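Visitor: I would like to learn how to read a protein structure feature by feature. Could we begin with a pocket and then go on to a sheet and its rings?

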Amino acid sequence: MEESGINRRINREKLEYDKLVKELTGEGRRQAIFNGINRLIELRKYESALSPFADQKVLDIDSDVFALVRKNHKTGDKIFFIINVTPKTVEIKAGMKGIDLFSNTIVDDKITLSPYQYMWIK
């Protein structure tokens, strides 16, 4: 960025192919991010509530979380999203029962979220 004078270059790393392949197939942050994004993409492909044509509504549940619900009226599928936006553990009564699509755990009304944790509940 300093050489070019173009501010956007500060976030543009020049990647070396062999190094990138090693980082994506090994252990580490880049591999964890890559696998996490791939998992999100796979979930989006198979859940009709995540269609771009599905409705969504922001829910006012608690000041420590951001929550919304997405519903595909054609299929009736619904997914509830909740994200802890704080650096502390949050416990809320969401009035939502289902299965967290990431951990495959059953959610039964009361939700405990670690700092910055999120859930997609179906």
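Visitor: Which helix gives the most to the lining of the largest pocket?

Guide: Helices (H or I, at least four residues) and strands (E, at least two) are DSSP runs, numbered from the N terminus. Here H2 gives the most to the lining of the largest pocket, with 4 residues, and the elements that give two or more residues to this lining are helix H1 (17–25) and helix H2 (29–46). This is a predicted model, in which local features need pLDDT of at least 70 and side-chain atom pairs count only at pLDDT 80 or more, while totals for chains, interfaces and linings use all residues. Residues are numbered from 1 along each chain as its sequence is written, and side-chain values use heavy atoms, with hydrogens and water left out.

Visitor: Which residues line the largest pocket?

Guide: A pocket is an open set of points on a 1 Å grid over the protein atoms alone, where a 1.4 Å probe fits, with protein on both sides within 12 Å along at least five of seven lines; lining residues have an atom within 4 Å of a point. In this structure the lining consists of Leu20, Leu24, Arg29, Arg30, Ile33 and Phe34, which divide into 4 nonpolar, no polar and 2 charged residues; Leu, Ile and Phe are among those that count as nonpolar, and Arg counts as charged.

Visitor: In what order do the strands of the sheet lie?

Guide: Two strands pair if DSSP finds at least two bridges between them. Here 4 strands form an open sheet in the order S1-S2-S3-S6, with antiparallel pairing, and its edge strands, S1 (55–59) and S6 (118–121), each pair on one side only. Strand S3 (residues 78–84) and S6 are joined in the antiparallel sense over 4 bridges, and Ile83 stands opposite Tyr118 in S6.

Visitor: How many aromatic pairs are found in the whole structure?

Guide: Rings of Phe, Tyr and Trp (its six-membered ring) pair if their centres lie within 6.5 Å; planes under 30 degrees apart count as stacked, over 60 as edge-to-face and the rest as tilted. The search finds 3 aromatic pairs. In one of them, the rings of Phe102 and Tyr118 have centres 5.1 Å apart and planes at 90°, so the pair is edge-to-face. Phe102 lies in the loop between strand S4 (90–99) and strand S5 (106–113), and Tyr118 in strand S6, so the pair ties together parts that are 16 residues apart in sequence.

Visitor: Is Phe102 buried or exposed?

Guide: Buried means under 20% relative accessible area, exposed over 50%, and partly exposed in between (1.4 Å probe, protein chains only). Phe102, at 16% relative accessibility, counts as buried, whereas Tyr118, with a relative accessible area of 38%, is partly exposed.
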